[in-house]
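My plan is to look at a few places in turn and jot down what turns up.

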Amino acid sequence: MARCYNFSAGPAVLPVDALKDAQAQLLDYEGTGMSIMESSHRGKAYSEVHEEAILNIRELMEIPEEYSVLFVQGGASMQFAMIPMNFMGEGQTADYINSGAWAKKAIKEGKNLGNVNIAADCGSDIPTRMPVADELSLTEGAAYLHCTSNETISGAQMKVFPATDAPLICDMSSDILSRKVDVSKFGMIYAGAQKNLGPAGVGIVILRKDLAERCPENVPTILKYSTHIDGNSMFNTCPCFTIYMIMLVTRWIKKEGRDNIFSQNVEKAGRLYAAIDGSDFYRGTALPEFRSDMNVTFRLPTEELEALLIKEADAAGLKGLKGHRSVGGLRASIYNAFPPEGVDALVAFMKDFEARNG
Ligand SMILES: *Cc1c(COP(=O)(O)O)cnc(C)c1O
């Protein structure tokens, strides 16, 4: 068996240890005689998995008492809609930062449900970037300020989070648990699981509990955060296997050492950007001060060369380097579980490709 180097943006590479644990437990989870997939979500075996997943996230992100950790189906996209439904009061305005493709999707849902003020707009800038503090025009008494910490498609990452009096809500889908973040600065953090935390199937929501009380009565029960808080994310049958995998992935982060993973992320990205900067053949697409440590986006002199590199890299076991279809180019997604040797392999491949085609 040969595992490739998987640079896919999401679903993405998972830690081999977590996959092996799942494999070993697939037919008989800890002597229950069944897979965790086949267990009752209210039974003892699954309940322990559920609680450990929540506890691991709490511990790894140092989440204060007054926040809930929730698993909500529908991924991050469901949160785009639930946020305005739950938090935008009658006649209120919500501030949104437009930093790119994902922010735009959140904004669209906000506009469907209420007044939206675009507090800053660099969503179409090239090179791609994030807004800086003095660009922000915030609404007094805003329901919240929404931002996107890492634009997965453009490869731009927020290095400093905006200051606001309103609750700060952040889509951290592609960089959650990849670096140190002070959770107490946020009203809510959310992420689709399938980039840094596990397989697809659930959105992780970290919510300051008092905010859930703002939800209008007439919002459907399953779409209210308070429902998921009250039900400990088991209002309905939760995606048990996805949450089990998140438990294994977070257990792996603890075993490796959270801070080791965080510093390794900076090193991995640094090595790749150094290779890009050290050549006239490759060109980064994000402004250097906003370059993402998770999604490294770059271009070659021509689209033909880009296609050739992607094809040859794929044949060499370096898979998933094609940029998002909306922007083209190349993208190397190097999340927590992506091994450092894979970055070295890509750098060596890029040098060789340039020598042959540059
Ligand atoms: C992938 C992604 C999403 C969408 O996640 P889904 O779980 O597919 O809904 C939203 N925001 C960002 C920043 C992403 O990278």
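Predicted model: local features only at pLDDT ≥ 70, side-chain atom pairs only at ≥ 80, totals over all residues.

**Entry 1: a loop residue.** I began with Glu-30, which sits in the loop between α1 and α2 (44-61); helices here are DSSP runs of H or I with at least four residues, strands are E runs of at least two, and both are numbered from the N terminus. Its phi is near 45°, a positive value in a residue other than glycine. I noted that most residues other than glycine have a negative phi, and most peptide bonds are trans.

Residues are numbered from 1 along each chain as its sequence is written, and side-chain values use heavy atoms, with hydrogens and water left out.

**Entry 2: cis peptide bonds.** I found a cis bond joining Gly-10 and Pro-11, with omega about -5°. Pro-11 lies in the loop between β1 (5-6) and α1 (16-24). Another cis bond runs from Ile-126 to Pro-127, with omega near -5°. I placed Pro-127 in the loop between β4 (115-121) and β5 (145-148).

**Entry 3: the ligand.** Which residues are closest to the ligand? I got Ser-77, Thr-152, Asp-171, Gln-194 and Lys-195, out of 14 that surround it (a residue counts if one of its heavy atoms lies within 4 Å). By class the shell has 3 nonpolar, 9 polar and 2 charged residues; Ala, Val, Leu, Ile, Met, Phe, Trp, Tyr, Cys and Pro count as nonpolar, Asp, Glu, Lys and Arg as charged, and the others, Gly among them, as polar.

A ligand oxygen is 2.4 Å from a side-chain N or O atom of Thr-152, and an oxygen is 2.7 Å from one in Lys-195. A ligand nitrogen is 2.6 Å from a side-chain N or O atom of Asp-171. The protein covers 88% of the 380 Å² of accessible area that the ligand has on its own (Shrake-Rupley method, 1.4 Å probe).

**Entry 4: a helix pair.** What does α3 meet in α4? Phe-80, Ala-81, Pro-84 and Met-85 in α3 touch Trp-102, Lys-105, Ala-106, Glu-109, Gly-110 and Leu-113 in α4, with contact meaning heavy atoms within 4.5 Å. I counted that contact as 7 nonpolar, 1 polar and 2 charged residues.

Conventions: Polar contact = N/O pair within 3.5 Å; in protein donor to acceptor, adjacent residues only side chain to side chain.
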